[in-house]
Amino acid sequence: MGVTMLSRIQFALTVGFHFIFVPLSIGLIIFTVIMETLYVRTGDPKYKTLTKFWGRLFTINFLLGVVTGVAMEFQFGTNWSRYSEFMGDIFGSPLAVEALMAFFLESTMLGIWIFGWEKLSKKMHLLAGWLIALGTHLSAVWIIVANGFMQHPVGYVLRNNRAELVNFWEVLFNPYAWHTYVHTIFACYSVGAFFVLAVAAYHLLRKRNVEMMQEVVKYATVFAIIATLGNAITGHFNGKNVALRQPVKLAAMEAKWETQTNSGFSLIVVPDEKNERNSIEALTIPGLTSWMSYGSMDAEVLGLKDVPVNERPPVALTFWSFRIMVLLGFVMLGLAIAAWWHRRKGTLMDRTRLLKYLMWSIPLPYIATNLGWMTAEVGRQPWTVYGLITTADSVSPVALSDVIISLGLVVVFYAILVGLDVYLLVRYAKAGPEAYDERQVAVAD
Amino acid sequence: MSYELLQVIWFALWGLLWAIYFGLDGFDLGSGMLAGVFREDEEQRHLIGSLAPIWDGNEVWVITAGGVTFAAFPKLYATMFSSLYLPLFIILFGLMFRAAAIEFYHHMDFDKGWQRIWGWVLAVGSFLVAFLFGVAFGNIFQGMLLDAQGYHGTIVSLLNPYGLLTGVLFVVAFLMNGASWLAHKAPNDELRAKADTFAKRIWPVVLVVAAGWLVYTPFATNLMQNYLKVPVLFLVPALAVVLLVLTRVYMQKGQHVFSLLMGSLTVGITVIAGVIGLFPNMFPSKIDPAYSLTAFNSSSSHYTLQFMFIVVLIFLPFVLLYQVWAYKLFGRAGTGSEAEHY
């Protein structure tokens with residue numbers, strides 16, 4: 001394997017790890033500050049206990065987001081220097097704005113929020129909490145704006161052997177970026193909501209902290225329904241966005257080989273990349289892909305055979321990532337609705353199987369978000385910036401041995417950090433809010 | 001504004017960001033290293049607990065320095081970070097693990113064994129970051145093995161005498177500031193006295209290393225050229241020396257918040273003094289100045305520089321404002337660990 005491939009693996013690993021933590025941070029902070037808002041409005045100490053409980057889990061998780069993020073930012077320079085040189089005039093700005101506008105805000109406010117319970121008034125403390133939430137959401141804006149340019153370059157001109165920025169606002173209001181943004185944010189909410197539901201289900205199954213956890217489920221199910229429904233809707237529009245701006249990616253996502261009008265959607269498809277066909281294609285709804293993508297059954301959908309082989313993304317990987325993501329999205333929506341319904345009827349405690357499903361559903365949104373990211377990024381290949389620069393032309397002229405060492409260290413160190421993180425999350429989640437209260441008493445004594 | 005003026009302004013901002021980073025995170029890295037010296041449970045708890053609310057805000061300055069380098073000097077960003085590939089990765093891992101150490105130290109307060117491990121991880125991680133950043137800047141001041149084909153150095157070639165000396169300078173100066181911070185935050189006389197003694201003992205070491213570095217610099221680097229051209233600039237390194245002396249004066253008075261302030265300013269002004277000597281180079285070539293990366297040949301376009309300058313003017317004051325707020329909350333004297341109310 002060469003430098004390019006190893007650099008890709010290293011980048012995919014670091015981004016993949018980063019993208020495990022970030023969605024939970026964004027989703028969980030919203031739920032946590034909703035709990036704190038309830039505390040400030042009602043004065044009920046139960047909500048304070050819950051705020052601290054979810055806040056602790058948020059903190060453990062957030063740290064890993066920060067440290068894996070540090071490696072991200074410098075990797076564009078270390079491993080993708082030719083990309084950075086070609087694209088820095090445009091790509092660097094959103095990253096710099098992200099640091100100035102979002103990183104400072106979230107990291108400074110997090111310190112104030114965690115350690116400032118005794119130093120601030122209730123309302124100022126709540127404000128710090130919402131500012132963390134704002135920071136995480138702003139951070140997502142800028143990184144997705146940067147990614148949006150890679151997907152659909154706008155507001156630039158090719159000059160002096162590089163891409164130069166000519167209109168920042170075009171880059172900021174890139175429609176591709178905002179389609180991705182809302183979809184991603186709802187995905188983050190799904191991760192947060194299902195994390196909360198799973199922890200609540202764990203306690204309910206053991207009949208521990210029942211009253212408090214039922215209160216949690218009340219809010220978390222609504223949160224989960226909003227998130228998953230939002231994902232389905234924004235996902236649909238995102239699909240249209242891809243169809244319009246990256247037809248090749250759409251063809252790979254749907255495993256379409258022939259260009260045709262009235263293109264159908266098959267419920268069961270198994271692509272056969274080598275022979276440029278699908279080995280299985282069944283339960284086809286005629287015209288659905290055309291209609292979903294372009295709003296008309298008569299619309300023409302591009303087939304991969306009309307794209308030169310060297311400009312096609314890996315089809316099977318793109319296809320399966322997308323398919324499984326959509327499937328998981330519907331499973332989660334179903335689970336959320338079922339949990340919401342039974343909580344309303346007051347029968348949730350009797351539904352042990354549903355509670356178990358909820359508890360074990362914790363990985364589903366993680367898998368779905370990472371698959372969504374893979375669909376977006378693998379589907380863009382062979383380009384780093386769509387139509388402008390390929391991945392192979394982006395890589396740094398560094399020694400193979402250097403990349404082997406750094407990749408090895410990334411794997412080992414990240415495994416250690418992730419292992420500890422999961423261990424701590426599980427431990428604190430299992431301990432529950434009341435054990436946590438006792439601990440506070442112990443500290444006060 | 002003209003393109004050249006913007007390039008100069010961005011060069012200055014670039015230097016300023018590094019100066020702020022080393023000024024702020026310097027004492028934080030120094031305290032981190034001291035976790036290997038102040039190892040008794042109570043004192044280590046106060047040391048790490050005093051860093052818990054502020055380390056993250058300090059560290060964002062290095063992310064910002066990186067981000068701004070990317071936005072304003074993409075060619076520099078690309079060349080510098082790919083050239084210093086392995087050292088930079090070690091710095092990144094150091095930053096990651098020291099952050100993890102501070103947080104996990106508190107999350108794992110149920111296990112003394114783990115806490116001891118995290119104390120050591122913090123110390124070693126902080127040391128690596130401080131030392132390697134020093135080595136990196138020492139080498140940049142000296143010039144890199146850069147030609148048309150790119151960079152030709154290795155990790156071994158970076159460990160030359162001047163690079164090593166700069167690394168040591170960073171380490172001892174940061175240790176001094178870390179000790180001032182600890183003395184300032186110490187919740188009892190015993191810890192305060194111990195930290196104060198450490199600061200007073202390391203101060204002469206800083207003085208000697210700094211003096212050696214100042215004498216060595218004209219021989220090892222071309223930093224003097226700008227100073228000889230505009231002699232009034234000598235006031236900047238002179239100011240650093242005065243600040244270093246003031247650091248000791250305030251130690252004597254027992255006003256640790258001021259010895260911390262003066263010590264951090266010493267670090268910041270020293271970085272600025274180095275960057276002044278560097279101008280307009282940012283990543284100079286030792287082989288032939290024609291291959292040096294300068295503020296003028298590695299910057300972004302006129303439009304980007306202008307636009308980003310406005311962005312910085314708008315957001316930097318906010319950043320400073322709420323960072324001051326954080327220090328007002330968590331920087332008070334004698335409060336020890338701030339991690340009691342998790």
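User: What does contact mean here, and how many residues does the contact take from chain A and chain B?

Analyst: Contact means heavy atoms within 4.5 Å, and in this predicted model the contact takes 77 residues from chain A and 67 residues from chain B. Local features need pLDDT of at least 70 and side-chain atom pairs count only at pLDDT 80 or more, whereas totals for chains, interfaces and linings use all residues. Residues are numbered from 1 along each chain as its sequence is written, chains are lettered from A in the order in which they are written, and side-chain values use heavy atoms, with hydrogens and water left out.

User: How much area do chain A and chain B bury between them?

Analyst: Buried area is the accessible area (1.4 Å probe) that two parts lose on being put together, summed over both. Chain A and chain B bury about 6500 Å² between them, with 76% of it on carbon and sulfur atoms. On the side of chain A, Phe74(A), Phe104(A) and Phe115(A) lose the most area to chain B, together 13% of what that side buries.

User: Which side chains meet in a salt bridge?

Analyst: A salt bridge is a side-chain nitrogen of Lys or Arg within 4 Å of a carboxyl oxygen of Asp or Glu. The count between the two chains is 1 salt bridge, and the side chains of Lys119(A) and Glu338(B) meet in a salt bridge at 3.2 Å, N to O.

User: Is Trp55(B) buried or exposed?

Analyst: Buried means under 20% relative accessible area, exposed over 50%, and partly exposed in between (1.4 Å probe, protein chains only). Trp55(B) counts as buried because its relative accessibility is 2%. Leaving aside neighbours within four places in sequence, Trp55(B) is in contact with residues including Leu63(A), Val66(A) and Ile102(B).
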